[in-house]
Amino acid sequence: MKKYYITTPLYYVNGAPHIGHAYTQVVCDTITRFYRQRARHIFFMTGTDEHGIKIEKASIEAGFDEGKEKDFVDTIIPKFTSLWKRLNIEYDHFIRTTEDYHKKEVQNILQKIYDQGDIYPEVYKGFYCTPCEMFWSDTQAVDGKCPDCGRKVDALNEKNYFFKMSKYKKELVDKIEKDEIQVEPNIRKNEVLGFLNGNELQDLCISRPKTRLKWGIELPFDKDFVSYVWFDALTNYVSGLKHKKGDSFDDHWDNVMHVIGKDIIRHHAIYWTIMLMAIGQKPPQKIFAHGWWMVGKEKMSKSKGNVLDPIYLLDVKKYPVDAIRYFLLSQVEFGYDGSFSEELFIEKYNSDLANDLGNLLNRSLNMVEKYFERIVPSTDIGSDCLNKEAVDLYAELMYSYEHVCMKVDSFLQIDGNKIDFKTALGMLWDPVRRANKFIEVSAPWTCAKENNTKALALIMGTLVQVLGKTAVLLYPFMPETAQKMWEQLGMTNKVCDVNPEEFGALVIPVGTKVQKGEPLFPRLDKIG
Ligand code: MSP
């Protein structure tokens, strides 16, 4: 059976994580849970990027002495790990670039590339953008500003080591064009190819002199230098997997997907792929760059001071974790920018979660309680007991799930054609909305008055099965909600253990006793 590997970027530990970081985690967690529920192997790794000038500066600003950066980063890590726990992110390994096994791997790779003559020393004259950790030539840094972030760059004139990336350019272009390395979505593939074809590929400066930066991994061939933080951090994808999955490294590596934000596409699609080519390792199968969460017209970012803190949403506003996961996954097509505001969040919550899903569960279970003493009735009854409009909806609901399952599946596969959580969730919400309509149209209250028990049983049975199937398919996206629904439907096993590939017509056995609980998503008041 194929083994998969999914990664997030390693987050800089110069501050607490925000919604943008939480997004990548939720995306990777959803795919991981999707695979696990279908009994497939997947290894999910995330972690933190702890070296470099940015972190050194943050450490000093936080009052730590020079040389005590590790103590500083140790204070930040729990901000990440505790938030991932709150968001129910089930990763297999959390890698820190300050760990010994990682440092050793970085040094091994540097030494290998140096020994084969692909790293050379040279005096560098140009500019440097510290927030982006990027070098820029004088033609690139127009008006003394970073072409990426627009902030002021510093002039530099110093010896450094350079990696001959240019040597691998042709091979890289070829691999991206042929989709041997899939860069997604397509706009990012075009962006990378446009950049490669339109520019001379400069060799990459992979060192920093210790006179300027001590907080890094020492170059194995020159003790006066440390590694460029990106060379160090990118190596994690290999060092962490090797460390945890030694024997099955190759199997996982064959089916890897790096999930990143669009601002770090070049680092991944160019630097990282070329680093791998240089050491004779297969480049990654897929690099998926998602868009940004924006606040108004601006990217949400620590440096802009406009971040939305997930802890505020969870602990102060007490929004359910799955409502946040749902918003992130359903608000934008995967790969594109989206706006996050509390107003938008509340609007979506009330319409999709309170009105559609929560309401369906609540009213269905109320009626099963009222009409059948909580016992799930059989649907093995001809549908001619229903009115005409209800018969059509009934047929759609009962027979649409094979299609829904297939569609949801197709949007979550690492090696599929298109990954898209928004469309997948839309597919899942379709039967939920239809089921609410089915209640209106079939009017069980009238059936009860008319003593039409056959119709009542058919309606209740159908609703329970729709809710059961929804819970199972919803699990990867909203694990807590799915489990709560499952329990309210009277099931005692774990919804994560129910494999939708083995669905029969009924997921909730006839005769099960439902256990109505608290409403899952009580309506929220509008802000202001
Ligand atoms: N440390 C590097 C990554 C090294 S990976 C080997 C880094 N760290 S970061 O903390 O600055 O950013 C981490 C990720 O967060 C990036 O993928 C970035 O795109 C993402 N985001 C930061 N702000 C974001 C939004 N406003 N919206 C969505 N994601 C964004 O870069």
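**Entry 1**

The model is a predicted one, so local features need pLDDT of at least 70 and side-chain atom pairs count only at pLDDT 80 or more, while totals for chains, interfaces and linings use all residues. I number residues from 1 along each chain as its sequence is written, and side-chain values use heavy atoms, with hydrogens and water left out.

The axes of α2 (residues 53-61) and α3 (residues 69-86) cross at roughly 85° and come within 9 Å. Axes here are lines fitted to C-alpha atoms, for helices over the stretch in contact, with angles from 0 to 180 degrees between N-to-C directions. Helices are DSSP runs of H or I with at least four residues, strands are runs of E with at least two, and both are numbered from the N terminus. On the α2 side I listed Ile 55, Glu 56, Ala 58 and Ser 59 in the contact, and on the α3 side Glu 69, Phe 72 and Val 73; contact means heavy atoms within 4.5 Å. By class I noted four nonpolar, one polar and two charged residues, where Ala, Val, Leu, Ile, Met, Phe, Trp, Tyr, Cys and Pro are nonpolar, Asp, Glu, Lys and Arg are charged, and the others, Gly among them, are polar.

**Entry 2: cysteines**

I searched the whole structure for disulfides (cysteine sulfur atoms within 2.5 Å) and found zero. Cys 385 is in no disulfide, and its nearest cysteine sulfur, that of Cys 447, is 7.8 Å away. Cys 385 is buried at 17% relative accessibility; buried means under 20% relative accessible area, exposed over 50% and partly exposed in between, with a 1.4 Å probe and protein chains only. For Cys 496 the closest cysteine sulfur is in Cys 405 at 17 Å, too far for a bond. Cys 496 is partly exposed at 25%.

**Entry 3: aromatic rings**

I counted 35 aromatic pairs, taking rings of Phe, Tyr and Trp (its six-membered ring) with centres within 6.5 Å, and calling planes under 30 degrees apart stacked, over 60 edge-to-face and the rest tilted. Tyr 114 and Phe 221 are stacked, with ring centres 3.8 Å apart and planes at 5°. Tyr 114 is in helix α4 (residues 100-115) and Phe 221 in the loop between β10 (218-219) and β11 (222-227), 107 residues apart. Tyr 114 is partly exposed at 29%, whereas Phe 221 is buried at 16%.

I then looked up Tyr 319 and Phe 345, a tilted pair with centres 4.7 Å apart and planes at 45°. Tyr 319 sits in the loop between α11 (310-316) and α12 (321-331), and Phe 345 in helix α13 (residues 342-372), so the pair ties together parts 26 residues apart in sequence. Tyr 319 is buried at 5%, and Phe 345 is buried at 2%. Both belong to one aromatic cluster, which also includes Tyr 23, Trp 293 and Phe 521.

**Entry 4: backbone**

I noted a cis peptide bond from Glu 184 to Pro 185, with omega near -10°. Pro 185 lies in the loop between β7 (182-184) and α6 (186-198). Asn 88 is not a glycine but has a positive phi of about 60°, and Asn 88 is in the loop between α3 and β3 (93-96). Ala 443 has phi near 45° and lies in the loop between α16 (421-442) and α17 (444-449). Ala 443 is buried at 14% relative accessible area.
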